[in-house]
Amino acid sequence: MKEVYLFKLKFSTPYGLRVGGSKEDINVLTPLKMDEYYVIPWSSWKGIFRRATEVLIADPHHFNGHEDDNVVDDGSLDELLKAKGLADKSNEKVKKERKKFIAMWNCPVERLYGSEYFASAVTFSDTLISSGINDRAHVVIDRKTKKAKERHLFREQIINVSSVSVKVIVRDRIGDWFKTLKFLSEVGTFIGGGKSRGIGYAMLDWKESEYAKVDALTRRAVFRPLGDFKL
Ligand SMILES: [Zn+2]
């Protein structure tokens, strides 16, 4: 069995947050809600972590979509390539696609979060929040006159929450994953909308977050502080 890690990650959110919900009234920015809870969907978490890893690796090949990376096609991934119908090395089109596959396989971003060829190695939970709302009124300022536009008032609902947690399963590339966590604990990120107003700023709380390596035999998970992990 491959190694599997579980994470309970806590983010501090000192200015509250809002992950956008449906627009029933165009003048009110409302948070996404499911039953009585506000929600940060797993897909939002995936986007947040993916962007962090992208910033961290800062690889121009990645941002070019790995179109013409200079990779070595040495046959070590032949089984995977064959399963994707990319076995025929004599076909120029297949050859090019093999290279793209290999480049993505070597890239921490695609390996962690998935690509057109293979699945993601990371699974995120939804986050449910039961907190109150701060309702703020904003005036839209006209860029030319610098004056408040008449009747251009919008309201913004911000979830009044000082920390949120997410559970994550990681099945591969644990080193790249921990580097991403370190980055999120040092630089932080934004969850949801209102970034220009500082809303949604989030920092991973390194001391309050935990990980567990799932034991291959007992399938038991013993959680430890992130700081205990040795890269
Ligand atoms: Zn990439």
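Me: Which residues in α1 meet which residues in α6?

Reply: In this predicted model, the contact joins two helices, α1 (42-57) and α6 (residues 174-186). The α6 side consists of D176, K179, T180, F183 and L184. Their partners in α1 are F49, A52, T53 and L56.

Me: How do the residues of the contact of α1 with α6 divide into nonpolar, polar and charged?

Reply: The contact includes F49 and L56 from α1, and D176 and K179 from α6. Across both helices, the residues divide into 5 nonpolar, 2 polar and 2 charged.

Me: Are α1 and α6 roughly parallel or roughly perpendicular?

Reply: The axes of the two helices come within 9 Å. They cross at roughly 95 degrees. Angles of 65 to 115 degrees count as roughly perpendicular, so α1 is, relative to α6, roughly perpendicular.

Me: Is A52 buried or exposed?

Reply: A52 is located in helix α1. A residue is buried if 20 or more other C-beta atoms lie within 10 Å of its own. A52 has 21 such neighbours, and therefore counts as buried.

Me: What separation is found between the C-alpha atoms of A52 and T180?

Reply: A52 belongs to α1, and T180 is among the α6 residues that α1 meets. Beyond four places in sequence, A52 is in contact with T180, F183, L184 and T189. Although A52 and T180 are 128 residues apart along the chain, their C-alpha atoms are separated by 6.3 Å.

Me: Which helix gives the most to the side of domain 1 that touches domain 2?

Reply: The protein is divided into domain 1 (5-59 + 107-228) and domain 2 (60-106). Their contact takes 9 residues from domain 1 and 10 residues from domain 2. On the domain 1 side, α1 (42-57) and α5 (108-113) each supply at least two residues. The helix that gives the most, with 3 residues, is α5.

Me: How far apart do the C-alpha centres of domain 1 and domain 2 lie?

Reply: The two domains touch, and the domain 1 side of that contact divides into 4 nonpolar, 1 polar and 4 charged residues. The C-alpha centres of domain 1 and domain 2 are separated by 32 Å.

Me: Which residues touch the most other members of the largest nonpolar core, and where does this core lie?

Reply: The largest nonpolar core has 39 residues, and those touching the most other members are V122 and V168. Apart from neighbours within four places in sequence, V168 is in contact with F7, L9, V122, T123 and F124. Because domain 1 and domain 2 both give residues to the core, this core lies between domain 1 and domain 2.

Terms used:
Residues numbered from 1 in each chain as written. Predicted model: local features only at pLDDT ≥ 70, side-chain atom pairs only at ≥ 80, totals over all residues. Core = buried A, V, L, I, M, F, W, Y, C linked by C-beta atoms within 7 Å. Buried ≥ 20, exposed ≤ 12 C-beta atoms within 10 Å, placed from the backbone. Domains from an automatic or database assignment. Contact = placed C-beta atoms within 7 Å. Helix = DSSP H or I, 4+ residues; strand = E, 2+ residues; numbered from the N terminus. Nonpolar A, V, L, I, M, F, W, Y, C, P; charged D, E, K, R; others polar. Axes fitted to C-alpha atoms, helices over the stretch in contact; angles between N-to-C directions. Parallel < 35°, antiparallel > 145°, perpendicular 65-115°, else oblique.
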